[in-house]
Amino acid sequence: MFDEATIKQSAEIFNGKLIQPGDADYDEARTVWNGMIDRKPAAIVQCADVDDVVNAVNFARENDLLISIKGGGHSVAGRSVCDDGLMIDFSRMKDVKVDPKAKTATVEPGAALADLDAATQKHGLATTGGLVSETGVGGLTLGGGMGYLARKYGLTVDNLISADVVTAEGKVLHASDDENSDLMWALRGGGGNFGIVTSFEFKLHEVGPEVLTAQIFYPMETAEQVLRAYRDFAAEAPDEMSCYALAVNVPPIEPFPEEYHMKTAIVLVACHIGDTKEGEKLLEPLQKLAEPIFQVVGQMQYAALQQSFDKGAPKGGRYYWKAHYMKSLPDEAIKTFVKKVDPLPGPFSLVGIEPMGGAISRIEPSATAFPDRNAAFGMGIWSGWTEASHDEKAIEWTREFHKAMEPYSTGGVYANYLDRDDDDRVKDAFGVNHDHLRKIKAKYDPDNFFRMNQNISPKS
Ligand SMILES: Cc1cc2nc3c(=O)[nH]c(=O)nc-3n(C[C@H](O)[C@H](O)[C@H](O)COP(=O)(O)OP(=O)(O)OC[C@H]3O[C@@H](n4cnc5c(N)ncnc54)[C@H](O)[C@@H]3O)c2cc1C
């Protein structure tokens, strides 16, 4: 029975902190990035160490409690917080240890990408992370992990060497290619289905500290020609070049010309991690596709680049996402994109075309749990707005845009972009690996104890 007395008693078993409804820090602790999520766990345990995780798992299992796991709290679906259950919160476990000689990092599950970049960049090293530095390493890694370095060094999961995992039985396992290798395979893209990762070990690469970057803003009138040129550029680009095409609201600040403030524009965002001169040459044609609204091309600290989108996706905004993988971007797809994208449904909205290919595509789809390695592009329809009264309109816009782009999709979708109404797309997200993942789920979590995730049902 999970009552007051049981909670009080359980507080004594944790080295970290147990927070209950009514405690001063309860609301802060249960709040996640997406302001549309308002769930109330029966208790929150802010773990201090692996023992706390084991005790939390055993306690939840014995009391038949739903659990949720919070890494960085950035799942758009709010999967890190549950109603009435036990929320396992890693905000006290953010340590990152770097071995510069071995070029590896060992990362606790509450670290954000900013923590990882700060520790690794001290040594001129990095591994693939996402585009917003407040995102948690935990959720991002377990779903795949896409970012500027992926075309050169692979997805974040391709750089995951090993992990320590607390299973549904409360056992601590080490997973690597040599030990519990089936579990290791599943952790490389299968989400939080198989256990709680208490430590991630990553391979690092020499990156920066300065890299060549570009942000080139083009007005919507030129969007079709810009996107066609972007598509052709991406097909030929070397692995060192990673270029995103995003439909965004032009920031209402200098140096952007006032007449464009909060108007939709296409911005090409590039990062080049090879020879600077070569990178500059590659970027030249992208700067001359039309008359840009604004552009900046030059060297930048890699860690600063990783933070450059943070302000555009603030915690507490209201968010709803849909996504595709794109087979290609034929002219009709570009036409539809341009026709439908403007105006965006709120100030924190953007639609992103993400570059794939390179090292991502040189790994077989079934070599790791992450299957969609042959898509030409990813497409994220990331709607964000401020007022609850706008929810219905913004959600409708997102669904319609998603539907309009469907004919050009591979049918697959990135697991980490699945929102709260996407349960029927879990199978699409795991594609050719879904059945194998179900078998591994049955081995490590036959009762589906870990189910606040992109849930894979155990194969009976
Ligand atoms: C603003 C923004 C930008 C983004 N940009 C990118 C991007 O560029 N590239 C990209 O690949 N993704 C990106 N994402 C998506 C991101 O990968 C997912 O939202 C991911 O879930 C975030 O991880 P988190 O730890 O913050 O999530 P949380 O909400 O804390 O966790 C989500 C789920 O992950 C699982 N999980 C987390 N930690 C653990 C653990 N230690 N053990 C077991 N399971 C765990 C659990 O199932 C949990 O429910 C972005 C998200 C946001 C909000």
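Glu169 is exposed at 55% relative accessible area (buried is under 20%, exposed over 50%, partly exposed in between, with a 1.4 Å probe and protein chains only). Its salt-bridge partner is Lys171, at 3.6 Å from N to O, and Lys171 is partly exposed at 47%. A salt bridge here is a side-chain nitrogen of Lys or Arg within 4 Å of a carboxyl oxygen of Asp or Glu. This is a predicted model, so local features need pLDDT of at least 70 and side-chain atom pairs pLDDT 80 or more, while totals for chains, interfaces and linings use all residues. Numbering runs from 1 along each chain as its sequence is written, and side-chain values use heavy atoms, with hydrogens and water left out.

**Salt bridges**
- The structure holds 24 salt bridges.
- Asp239 pairs with Arg362 at 2.5 Å between the closest N and O atoms.
- That pair links distant parts of the chain, 123 residues apart: Asp239 is in the loop between H8 (223-236) and E13 (241-249), and Arg362 in the loop between E17 (350-355) and E18 (377-385). Helices (H or I, at least four residues) and strands (E, at least two) are DSSP runs, numbered from the N terminus.
- Arg362 is exposed, at 57%.
- Lys439 and Asp435 pair up at 3.8 Å; they sit 4 residues apart in helix H14 (residues 434-444), about one helical turn.
- Both are partly exposed, Lys439 at 46% and Asp435 at 35%.

**Domains**
- The protein splits into domain 1 (4-89), domain 2 (96-206 + 432-444) and domain 3 (210-423), with bounds from an automatic or database domain assignment.
- The C-alpha centres of domain 2 and domain 3 are 24 Å apart.

**Where domain 2 meets domain 3**
- 35 residues of domain 2 contact 37 of domain 3, contact meaning heavy atoms within 4.5 Å.
- About 3,100 Å² is buried between them, 56% of it from carbon and sulfur atoms; buried area is the accessible area (1.4 Å probe) that two parts lose on being put together, summed over both.
- In domain 2, Met146, Tyr148 and Arg151 lose the most area to domain 3, together 33% of what that side buries.
- The two domains share 2 salt bridges.
- Elsewhere in the salt-bridge list, Arg373 and Asp158 meet at 2.7 Å, N to O.
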